[in-house]
Amino acid sequence: MQNLLVTGGAGFIGSNFIHYTRSQRPEVNLVVLDALTYAGNRANLAHYEGTPGFTFVHGNILDTSLVETLLIENNIDAIVHFAAESHVDRSITGPSAFIDTNVVGTHSLLQAARKVWENELDKHHFHHVSTDEVYGTLGPTDPAFTEQTPYAPNSPYAASKAASDHLVRAYHHTYGMPVTTSNCSNNYGPYQFPEKLLPLCLLNILYGKPLPIYGDGSQIRDWLHVDDHNVGLWLILDKGRLGETYNIGGHNEWKNLDTVQLLCELVDECFAMDTTLIARFTKAPASKGMSSKELITFVTDRPGHDSRYAIDAGKIGTELGYKPVNSFRSGLVSTIQWYLTNESWWQVLRKV
């Protein structure tokens, strides 16, 4: 597999996939297609521009003819499809964009791939990156989601991803498209747009702003470091069975309130170990000898808020040898350090 088209490669997970691939698979030629909506940031990939084996294209997956051209001109072996609208709150207030990008956009890619690859399908691979939210919600003692869990999406975002998953499956069974799908749990790590829980709370701590917790904070999420996700993706690309779905999880369930409290503790430890942070972030509670936990604020729960997600990653572990290596504490520490070191990156985004 030498030539990859990566959609949404300037976003959070997509750009981390690019970094991982350039580091671990330098022989792979990468073509990134990204519409650069609010969460896509070309600066995430700036140091690759102009280097051999990397091409950035500012364009939309809805432009089927553009995708066809890219597949042909770059002799693309595989598509890794990250491009998506992904924030649940935004899907509640504006669901149409999620249908356009996640459903129609995925279909546009499938159409282009089918047309260009139709005579050599066995030499290609379409990998679709999805989410655990398509499975709905779990009770406190329910078994974790498996690949056989029935779909039961509860937000417009989850419904749009479920629809795209079904389209990918249908193209495999109807047209023989060589596809795989992965459904992952909540990712965290560098380059994550500040509207998501962990970077939002981290930056709010630095500026002494409230840390909003929906409801009572008892919702449970399975947290997955983005690099562990990338390991799983490459295992699927290398060894995954075509037509199959693989769940990628972190084996790492935390209540939202406990997650934010841990983040607060780790940020306070950073300030204690590095006193230069006090001068840089004078409004942070730790700069005043206070605990960041004092910023925690409970707000009205959002509509249709799923109570628990949990991924059973047994299939990818047994079949492909997947195992996450980052503990939540070590992964959070490295993530915090990345944000503290890359202030110029997120200062721009605070204004978006």
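**View 1. Aromatic pairs across the predicted model.** Rings of Phe, Tyr and Trp (for Trp, the six-membered ring) are paired here if their centres lie within 6.5 Å, and by this rule the count comes to 21 aromatic pairs. One of them is Tyr135 with Phe145, a tilted pair at 5.0 Å centre to centre with 35 degrees between the planes. Planes under 30 degrees apart count as stacked, over 60 as edge-to-face and the rest as tilted. Tyr135 and Phe145 are 10 residues apart, and each sits in the loop between β5 and α5. Both are buried, with buried meaning under 20% relative accessible area, exposed over 50% and partly exposed in between (1.4 Å probe, protein chains only). Tyr135 and Phe145 also belong to one aromatic cluster with Tyr151 and Tyr309.

This is a predicted model, where local features need pLDDT of at least 70 and side-chain atom pairs count only at pLDDT 80 or more, while totals for chains, interfaces and linings use all residues. Residues are numbered from 1 along each chain as its sequence is written, and side-chain values use heavy atoms, leaving out hydrogens and water.

**View 2. Two Trp rings, Trp338 and Trp345.** What kind of pair do Trp338 and Trp345 make? Their ring centres are 5.2 Å apart and the planes meet at 70 degrees, so this one is edge-to-face. Trp338 has 15% relative accessibility, so it counts as buried. Trp345 has 10%, so it counts as buried too.

View 3. A charge sits over a ring if NZ of Lys or CZ of Arg is within 6 Å of the ring centre and within 35 degrees of the ring normal. Arg25 has its charged end over the ring of Trp234, 4.2 Å from the centre.

**View 4. Helix α5, residues 156-175.** Helices (H or I, at least four residues) and strands (E, at least two) are DSSP runs, numbered from the N terminus. With 20 residues, α5 reaches 28 Å from its first C-alpha to its last, close to the 28 Å expected; that expected span is 1.5 Å times one less than the number of residues. Its buried residues include Tyr157, Lys161, Asp165, Val168 and Tyr171. The buried residues of α5 pack against α3 (88-93), α4 (96-117), β5 (125-131) and β6 (179-184), where contact means heavy atoms within 4.5 Å. Just after the helix, Gly176 takes a positive phi of about 75 degrees.

**View 5. Val325 in its loop.** Look for Val325 between α10 (314-320) and α11 (328-341). Its relative accessibility is 68%, so Val325 counts as exposed.
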